[in-house]
Amino acid sequence: MANSWQGNGWQGQQWQGQPWQGAPAPGYGAPVVVEHASLSRRFCAYLLDILFIFAFTCLLWLAIAFIGVITFGLGWTLFAILPASGIIYSAVTLGGAYQSTYGMRMLGLRGVQAETGGPVDWITAGVHALLFYVAVSTFLLWLLDIGIGLLRADRRTGHDLVVGLAIIRTP
């Protein structure tokens with residue numbers, strides 16, 4: 001057993017002589033060194049995002065008002081989506097091609113799936129934002145959320161863990 005791997009169910013299978021020895025496992029790319037974002041950088045990115053969310057909400061308000069005039073008041077029922085404008089903003093930007101909100105882009109951050117490092121879809125990004133706003137609206141949940149981020153070495157907060165997302169620095 002001197003030439004075999006001694007753990008994780010590999011007993012008896014030869015480690016040496018594998019065609020992928022010294023290279024990444026088949027089906028996976030080369031390992032990438034990931035530097036997780038600090039909580040202070042994420043907080044500053046969110047402060048910038050508040051400005052972008054405000055501008056997005058104003059544009060959305062103007063568009064709904066215009067649609068309401070054209071449809072003789074019927075379109076004004078769309079004003080009900082205005083409270084969700086922050087979630088829509090995060091879903092579109094974090095789930096988009098750049099994998100980051102505008103504030104995150106300005107500070108060199110992006111969101112990836114924690115397990116694979118792959119891109120985040122817009123539904124996961126929207127649920128991530130929804131969980132963040134639920135935590136922020138309740139002081140104890142927000143405290144627990146931030147506390148989890150402070151205790152973990154990778155600085156992933158509670159809502160990151162629930163949806164399987166990691167915020168990392170861009171190279």
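**View 1. Helices α4 and α5 meet through residues including Val134 and Trp142.** In this predicted model, Val134, Ala135, Val136 and Ser137 of α4 touch Phe139, Leu141, Trp142 and Asp145 of α5 (contact means heavy atoms within 4.5 Å). The contact of α4 with α5 has 6 nonpolar, 1 polar and 1 charged residues; Ala, Val, Leu, Ile, Met, Phe, Trp, Tyr, Cys and Pro count as nonpolar, Asp, Glu, Lys and Arg as charged, and the others, Gly among them, as polar. The axes of α4 and α5 come within 5 Å and cross at roughly 120°, which makes α4 oblique to α5. Axes are lines fitted to C-alpha atoms, for helices over the stretch in contact, with angles from 0 to 180 degrees between N-to-C directions. Angles under 35 degrees count as roughly parallel, over 145 as roughly antiparallel, 65 to 115 as roughly perpendicular and the rest as oblique. Helices are DSSP runs (H or I, at least four residues), numbered from the N terminus.

Residues are numbered from 1 along each chain as its sequence is written. Local features need pLDDT of at least 70 and side-chain atom pairs pLDDT 80 or more, while totals for chains, interfaces and linings use all residues, and side-chain values use heavy atoms, leaving out hydrogens and water.

**View 2. Helix α1 crosses helix α2.** Here the axes of α1 (residues 39-70) and α2 (residues 85-94) come within 9 Å and cross at roughly 110°, so α1 is roughly perpendicular to α2. On the α1 side look for Asp49, Phe52, Ile53, Phe56, Thr57 and Leu60, which meet Ser85, Gly86, Ile88 and Tyr89 of α2. These residues divide into 6 nonpolar, 3 polar and 1 charged.

**View 3. Tyr89 pairs with Tyr102.** The model has 7 aromatic pairs, counted where ring centres of Phe, Tyr and Trp (its six-membered ring) lie within 6.5 Å. One of them joins Tyr89 and Tyr102, 6.2 Å centre to centre with 40° between the planes, and is tilted (planes under 30 degrees apart are stacked, over 60 edge-to-face, the rest tilted). Tyr89 sits in α2 and Tyr102 in α3 (residues 102-106), 13 residues apart.

**View 4. The largest pocket is lined by 24 residues.** Nearest its centre lie Arg42, Phe43, Tyr46, Phe132 and His159. Helix α1 gives the largest share of the lining, 7 residues, and α1, α2, α4 (122-137) and α5 (139-151) each supply at least two. By class, the lining has 16 nonpolar, 5 polar and 3 charged residues.

Methods:
On a 1 Å grid over the protein atoms alone, a cavity is a set of points where a 1.4 Å probe fits but cannot get out, and a pocket is an open set with protein on both sides within 12 Å along at least five of seven lines; lining residues have an atom within 4 Å of a point.
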